[in-house]
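Here is a short briefing on a protein model and its ligand. Please look over the sequence and the 3D view before reading the points.

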Amino acid sequence: MGHEERAHALLSASNAHRWLVCTPSARLEEQIPDTGSDAAREGTLAHELAELKLRNYFFTVDFGKTKLARAIGKLKKEGLWDDEMMGYTDTYLDYVKATALGFKNIPTARIEARVDFGAWVPEGFGTADCILIGGGILHVIDFKYGKGVAVSAEGNPQMALYALGAYEAFKILYPVETIRMSIVQPRIGDGVSEWECSLKELLAFGEYVKEKAALAIKGEGEFVPDEKACRFCRAKGRCRARSEEKARLAFSPDYGKKPPLISNEEVGEYLRQGIGVAKWVSDLQEIALKECLAGKEIPGWKAVEGRGSREWKDPDAAFKALAEGGIDEALLWERRPVTPPALEKILGKKEFKELAAGCVIQKPGKPALVQESDSRPAVTNKVTAKEAFKETEGIKNE
Ligand code: SF4
């Protein structure tokens, strides 16, 4: 299956850690477009490669070496391809092989298996990377290519939902007593997290999920801001519950009858809370900048061209002029050409201006979000009628 083609349910297994905690989040996220990211696309590519390798291992007759090599050759042409993917997917393959060989008898293997957990979650389905089943054991294995946050298999709701779906699909054919879950994340630490529970425990989790999912599908229940739940929530920048929680933390200290000086414990606690507050503020800035650049109004704010930087137009010519002006060559060279601001610092504004001002070009800076009182003129990405007309004129005159 092309991973790009993987369908996503509203209450997806991969977002279960969010909608189980903050039940209205799934419906709220629906209102925010999913723009994807390079990291997600890179992960998709690595998953496609991992799938090919497992297919070749488990179904060699249908998908032999030649087909594997051809399919990998195709993936290598993708822009986000990186040779290190071969090694990381080998780690995953080795883990799956070792797990399969650990079964008493050869287990039944399902790769990229669509699992339906609609009995617990309305319209719930997903795609499990690898399922091994046999000897009373149902083992769900998930490959994760992220390197930012280590994901634990312990009580992992995504894995548990896949296990519920797999159990539902195979229960008539295979008796199951034990559920095993593994996450192989080869770019992080030791790269493997494993967990095990009984079928009874899994089914009890299913009952808990049912209640939460019934609320989540309707967008009901309480919004619950939580660092883990909010981290990748598409609504995080505009979510009122998160905004109000962070604003309360940032702007409403509880003075009470406490001592006037805060303790080290409180410093630590405020700093911890401050991380979430800073992240929230940075999410707000990102949204505001985008809106301003799109020509929309965020009262009190505007987008302006950021501070630019100066560079030598022609370092050799500039240094020749400086040398002719009596500047010692030793002042001019470090391991790389000295930047205009650095040399201005050495020479002083006056001498720099006399000798080098004509050698410097001013490069525009990145757009930045500032308060309205800033003296710089507002900029937007929108092409004005005047600019468009100018361009048309340019074409005509060519
Ligand atoms: S940002 Fe946090 S609180 Fe708001 S909907 Fe998302 S998960 Fe819930």
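Gly-221 is partly exposed, because its relative accessible area is 41%, between the 20% and 50% cut-offs. Gly-221 sits in the loop between H7 and H8. Note that this is a predicted model.

- The C-alpha atom of Gly-221 is 22 Å from that of Gly-155. Along the chain, Gly-221 and Gly-155 are 66 residues apart.
- The protein is divided into domain 1 (3-218), domain 2 (227-293) and domain 3 (304-397).
- Between the C-alpha centres of domain 1 and domain 3 the distance is 51 Å.

- The ligand sits in the largest cavity.
- Helix H2 (25-29) and helix H8 (227-231) are the elements that each give two or more residues to the shell around the ligand.
- Among the residues around the ligand are Arg-18, Cys-22, Ser-25 and Leu-28.
- The residues around the ligand also include Phe-223, Val-224, Pro-225 and Ala-229.
- Sorted by class, the shell has nine nonpolar residues, one polar residue and two charged residues.
- Why does the ligand lie between domain 1 and domain 2? Both domain 1 (3-218) and domain 2 (227-293) give residues to the shell around the ligand, so the ligand lies between them.

**Aromatic pairs**
- The count of aromatic pairs comes to nine.
- Phe-205 and Tyr-208 form an aromatic pair. Their ring centres are 6.4 Å apart, and the angle between the planes is 45°.
- Is Phe-205 buried or exposed? Phe-205 has a relative accessible area of 19%, so it counts as buried, the cut-off being under 20%.
- Tyr-208 has 40% relative accessibility, so Tyr-208 counts as partly exposed.
- Elsewhere, ring pairs link Tyr-88, Tyr-92, Phe-143 and Tyr-145 into a cluster.

**Positive phi angles**
- Most residues other than glycine have a negative phi.
- Glu-112 is not a glycine, yet has a positive phi of about 50°.
- Where is Glu-112 placed? Glu-112 is in strand E1 (residues 108-116).
- Glu-112 is buried, because its relative accessible area is 8%.
- Glu-123 is a residue other than glycine, and its phi is also positive, near 55°.
- Glu-123 is found in the loop between E1 and strand E2 (125-134).
- Glu-123 is exposed, because its relative accessible area is 62%, and exposed means over 50%.

**Ala-288**
- Ala-288 is found in helix H10 (residues 264-293).
- At 9% relative accessibility, under the 20% cut-off, Ala-288 is therefore buried.
- Ala-288 and Leu-10 are 278 residues apart along the chain. Their C-alpha atoms are separated by 27 Å.

Notes: Residues are numbered from 1 along each chain as its sequence is written. This is a predicted model: local features need pLDDT of at least 70, side-chain atom pairs count only at pLDDT 80 or more; totals for chains, interfaces and linings use all residues. Side-chain values use heavy atoms; hydrogens and water are left out. A residue is near a molecule or strand if one of its heavy atoms lies within 4 Å of it. On a 1 Å grid over the protein atoms alone, a cavity is a set of points where a 1.4 Å probe fits but cannot get out, and a pocket is an open set with protein on both sides within 12 Å along at least five of seven lines; lining residues have an atom within 4 Å of a point. A molecule sits in a cavity or pocket if more than half of its atoms lie within 2 Å of its grid points. Helices (H or I, at least four residues) and strands (E, at least two) are DSSP runs, numbered from the N terminus. Ala, Val, Leu, Ile, Met, Phe, Trp, Tyr, Cys and Pro count as nonpolar, Asp, Glu, Lys and Arg as charged, and the others, Gly among them, as polar. Domain bounds come from an automatic or database domain assignment. Rings of Phe, Tyr and Trp (its six-membered ring) pair if their centres lie within 6.5 Å; planes under 30 degrees apart count as stacked, over 60 as edge-to-face and the rest as tilted. Buried means under 20% relative accessible area, exposed over 50%, partly exposed in between (1.4 Å probe, protein chains only).
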